[in-house]
Amino acid sequence: MPTLAVYPGSFDPLTNGHVDIISRGARLFDRIVVAMLVNAEKAPLFSIAERVEIARAVFKSQPNVEVDTFDGLLVDYVQRRNAQVIVRGLRAVSDFEFEFQMALMNRRLNDRIETIFMMPAEQYTYISSRLIKEVFSLGGRVHGLVPELVESRLRDKVMARNP
Ligand code: PNS
């Protein structure tokens, strides 16, 4: 049976850390679905439609990477998709506690779904979507930390706010 993995998250915005995990997942599993949670944050920087469009553009040449959205419980979505695996990235020990809680809660909700943790390349271990947004909004450089499309979309957002 082909292995289908789901990589869930907010992706507001997609970072090179996410891209690294997705690319590793695409090599390991037959197919990986980047599953974006709808309504994760009350005021996201990028709308869910923008986030989906960006991720689809970034992975357009990788046929086994799919981008989708979900709402409600992650395990219900994973089961609906007939996937066997949830992929989560682990950057540092500080991620571990929350990820451990989520993995065990998800296992309790559906013990046929396994959570697999993957480490991004070292150069991305300190980046997060939250930090990218903060640094960029304060005028800092995020070049090399996010896909170029994300960088240009971030610039568009700033231009739209301060024309
Ligand atoms: O990118 P994030 O914000 O770290 O992703 C968190 C996410 C979307 C994976 C998590 O909040 C989630 O799975 N939400 C869906 C609701 C759910 O299933 N909650 C119980 C998880 S134990």
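1. The largest pocket of this predicted model has a volume of about 1,000 Å³. Its lining counts 39 residues. G9, S10, R88, F98 and E99 are the ones closest to the pocket's centre. Start there when you look at the structure.

2. Which elements each supply at least two residues of that lining? They are the strands β1 (4-9) and β4 (85-89), together with the helices α1 (16-28), α4 (93-109) and α5 (129-137). Of these, α4 gives the most, with eight residues.

3. By class, the lining of the largest pocket holds 19 nonpolar residues. Another twelve are polar, and eight are charged.

4. L45, K133, F136, S137, L154, K157, V158, R161 and N162 form its lining. Two elements give two or more residues here: α5 and α6 (148-161). The largest share, four residues, comes from α6. Note that α5 also supplies at least two residues to the lining of the largest pocket.

5. How do the lining residues of the second largest pocket divide by class, and how many are charged? Three are charged, four are nonpolar and two are polar.

6. Now the sheet. Five strands make up an open sheet in the order β3-β2-β1-β4-β5. The pairing is parallel. In general, strands of a sheet pair through backbone hydrogen bonds, and the pairing may be parallel or antiparallel.

7. Look next at the pair β1 and β2. β2 covers residues 31-37 and runs parallel to β1, and six bridges join the two strands. Within this pair, A5 stands opposite I32 in β2. Helix α2 (residues 48-58) packs on the sheet and touches β2 and β3. The direction of α2 makes about 160° with that of β2.

8. Sheet and pocket meet in two strands. In the strand order, β1 and β4 stand side by side. Both β1 and β4 supply at least two residues of the lining of the largest pocket.

Technical notes: Residues are numbered from 1 along each chain as its sequence is written. This is a predicted model: local features need pLDDT of at least 70, side-chain atom pairs count only at pLDDT 80 or more; totals for chains, interfaces and linings use all residues. Side-chain values use heavy atoms; hydrogens and water are left out. On a 1 Å grid over the protein atoms alone, a cavity is a set of points where a 1.4 Å probe fits but cannot get out, and a pocket is an open set with protein on both sides within 12 Å along at least five of seven lines; lining residues have an atom within 4 Å of a point. Grid points are joined across faces, edges and corners, and a volume is the space filled by probe spheres set on the points. Ala, Val, Leu, Ile, Met, Phe, Trp, Tyr, Cys and Pro count as nonpolar, Asp, Glu, Lys and Arg as charged, and the others, Gly among them, as polar. Two strands pair if DSSP finds at least two bridges between them. Contact means heavy atoms within 4.5 Å. Axes are lines fitted to C-alpha atoms, for helices over the stretch in contact, and angles run from 0 to 180 degrees between N-to-C directions.
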